[in-house]
There are 2 protein chains.
Amino acid sequence: MSELKAKILGEVTDELIAIELSLRENLKPWAALAGEVAGHLLFSGGKRLRPLLMILAARVCGSDRDDLSRYAVLFEYLHAATLIHDDLVDEAVMRRGQPAAHAVYGAPEAVLTGDFILARCLSITAETRNFAIIDEICGITEAMSQGEIQQLYNKGRMDLSEAEYLSVIERKTAVLLKGACVTGAYLAEHSEAGVAAMGRYGWHIGMAFQMADDLLDYTSDAASLGKEPGADLREGKLTLPVIYALSKADADEKARMEAIMSDPDFTVDAFAELVESLRRLGGIGYTERCAREHVAKAKESLALFPESREKELLLLVGDYSLERTS
Amino acid sequence: MSELKAKILGEVTDELIAIELSLRENLKPWAALAGEVAGHLLFSGGKRLRPLLMILAARVCGSDRDDLSRYAVLFEYLHAATLIHDDLVDEAVMRRGQPAAHAVYGAPEAVLTGDFILARCLSITAETRNFAIIDEICGITEAMSQGEIQQLYNKGRMDLSEAEYLSVIERKTAVLLKGACVTGAYLAEHSEAGVAAMGRYGWHIGMAFQMADDLLDYTSDAASLGKEPGADLREGKLTLPVIYALSKADADEKARMEAIMSDPDFTVDAFAELVESLRRLGGIGYTERCAREHVAKAKESLALFPESREKELLLLVGDYSLERTS
């Protein structure tokens with residue numbers, strides 16, 4: 001574990017325990033039926049980034065409520081519901097170093113458990129009795145499902161533009177992190193300006209996290225990734241390092257890269273050659289720069305709020321998004 | 001079409017047109033992405049029973065609102081989202097005489113489109129700005145997904161009890177019809193007694209509809225059913241006609257029935273023999289009696305409300321549920 005990650009985790013032990021308890025508490029009445037399949041993913045070592053962001057955002061906005069973890073878990077449920085369906089759609093066999101839920105329990109179980117977890121998420125949302133939060137979660141749910149459909153339609157397309165890529169990662173990642181931060185601000189009953197600033201923070205952090213995630217697929221090894229590198233390519237997903245590199249390649253190099261990417265059974269050597277092209281053509285460097293810019297903007301968005309331990313943690317989360325190795 | 005169905009439909013032309021317009025209006029902004037897959041099921045000749053019940057319930061409760069169809073469609077969306085995922089889970093190839101969505105567009109498309117339609121349903125729910133309705137829809141979404149999981153776990157079980165069967169059909173059908181009626185009463189701002197009475201009406205109608213549906217799988221032919229009869233058995237689903245018949249069969253007959261049912265490739269002759277056993281052992285008759293009792297109780301629940309054209313229609317819907325042939 002990186003020093004930065006250890007530092008952040010050391011500071012949020014209480015919050016993490018409250019989140020774990022609440023995640024389990026909420027599934028209890030359904031343990032026998034859906035708990036096992038839901039638990040497989042929910043308790044497989046996720047970072048709890050989304051509920052943590054909600055709690056920290058609420059604190060930065062001045063809330064001293066003691067019921068924040070009760071609502072925060074809705075963001076972990078929403079995330080888990082999406083992952084379960086996505087892994088099924090992408091036919092991904094591994095997730096966080098474990099077999100994916102559909103691979104262990106079957107596709108029907110994965111479809112229905114995803115539906116069930118989403119339903120739990122919505123019930124918790126309704127419990128906030130706050131229409132601004134309810135609208136936010138409904139909007140996120142719509143945006144995420146559209147983002148996934150869009151990504152499905154984009155599969156195998158070699159001509160995906162940077163704008164199309166940005167639109168997909170916004171919907172599949174940034175809106176949820178933004179939603180977590182905005183909900184924290186709403187629960188703290190902060191002003192409109194505070195809600196907007198928290199929204200910008202979460203959105204930029206989300207964009208940075210997804211870009212860093214997409215980079216890892218080319219720069220990390222199987223052990224730290226918890227799945228085979230090159231998975232995005234095998235699933236026909238073009239991400240920013242590739243899109244940028246293709247735009248800078250000459251006709252020959254472009255043809256060579258496309259030939260590698262079009263073969264779902266590319267060899268380790270072919271993949272290494274592709275990664276080398278991504279580096280040489282600047283795809284890796286460009287993506288790193290974009291992610292860094294998003295983190296800088298995320299940090300700027302917090303200027304509005306007074307200094308606090310929790311604000312310091314949100315700033316560290318920004319740095320962490322850039323240095324992740326898994 | 002039966003005389004009764006024609007009579008009901010003739011009386012609700014305006015409502016049906018408003019529902020169709022609203023169903024299309026609500027999908028418009030997403031037409032290119034999800035509209036086609038969603039539209040495949042949504043515009044394949046569904047009865048619009050659920051939105052109709054909501055509108056009629058609101059009218060019986062005294063509402064003269066002109067925006068009822070806007071909210072009513074949420075029940076068609078919720079129904080459609082469930083059907084799309086169910087057909088996938090059950091590997092059903094036909095629905096309403098057409099290939100099922102996953103068979104036409106693929107499993108990933110069916111998973112994500114179901115998610116998208118559910119998200120639309122929730123956004124419309126939030127637009128009611130009524131917490132009682134929001135709670136009702138959250139409860140329905142949870143109950144339905146649990147019912148489906150329960151049904152999945154029950155697959156192939158020859159010892160399913162009547163109580164277990166009732167619990168499944170309550171969750172998969174009755175709670176949604178109840179929810180439509182209850183929501184109508186809430187939108188009409190009727191008293192608690194009115195909401196409860198409408199809930200009872202919808203619940204009993206739902207139980208009757210599902211029992212009638214389960215009967216059709218044994219008493220109807222492929223042409224009027226829009227799919228092969230015996231589909232429930234092929235999917236390993238025991239329904240009331242079978243559960244009752246098994247409870248009345250002697251050891252030999254029980255063994256013979258179980259042998260037929262355990263073979264997913266049973267012949268037309270074996271199926272005919274099974275249906276004959278269901279008749280002789282009273283499974284068909286018992287299920288008909290149960291459905292009739294539910295309709296009688298549904299009708300009794302309406303005693304509270306003054307006579308009106310719409311109340312007359314709700315009473316007719318009860319009769320219709322019993323005489324359906326498709």
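**Close-up views of chain B**

**View 1. Two helices of chain B pack side by side.** In this predicted model, helix H10 (residues 192–219) and helix H16 (residues 283–301) of chain B pack at an angle of about 160 degrees, and their axes lie 8 Å apart. Because angles over 145 degrees count as roughly antiparallel, H10(B) is roughly antiparallel to H16(B). Look also at how the two cross: the crossing of H10(B) and H16(B) is left-handed. What kinds of residues make up the contact of H10(B) with H16(B)? There are 14 nonpolar, 5 polar and 4 charged residues.

**View 2. B:Glu91 sits in a loop of chain B.** Here is a backbone angle to look out for. Most residues other than glycine have a negative phi. B:Glu91, which is not a glycine, has a positive phi, near 50 degrees. Is B:Glu91 buried or partly exposed? B:Glu91 counts as partly exposed, because 14 C-beta neighbours lie inside 10 Å.

**View 3. B:Arg129 is another residue with a positive phi.** The phi of B:Arg129 is about 55 degrees, although B:Arg129 is not a glycine. This residue belongs to the loop between helix H7 (107–127) and helix H8 (131–154) of chain B. Is B:Arg129 buried or exposed? B:Arg129 has 10 other C-beta atoms within 10 Å, so it is exposed; the cut-off for that label is 12 or fewer.

Note on methods:
Residues are numbered from 1 along each chain as its sequence is written. Chains are lettered from A and ligands numbered from 1 in the order in which they are written. This is a predicted model: local features need pLDDT of at least 70, side-chain atom pairs count only at pLDDT 80 or more; totals for chains, interfaces and linings use all residues. Helices (H or I, at least four residues) and strands (E, at least two) are DSSP runs, numbered from the N terminus. A residue is buried if 20 or more other C-beta atoms lie within 10 Å of its own, exposed if 12 or fewer, and partly exposed in between; C-beta atoms are placed from the backbone. Axes are lines fitted to C-alpha atoms, for helices over the stretch in contact, and angles run from 0 to 180 degrees between N-to-C directions. Angles under 35 degrees count as roughly parallel, over 145 as roughly antiparallel, 65 to 115 as roughly perpendicular and the rest as oblique. A crossing is left-handed if the near helix is turned anticlockwise from the far one by less than a right angle, and right-handed if clockwise. Ala, Val, Leu, Ile, Met, Phe, Trp, Tyr, Cys and Pro count as nonpolar, Asp, Glu, Lys and Arg as charged, and the others, Gly among them, as polar.
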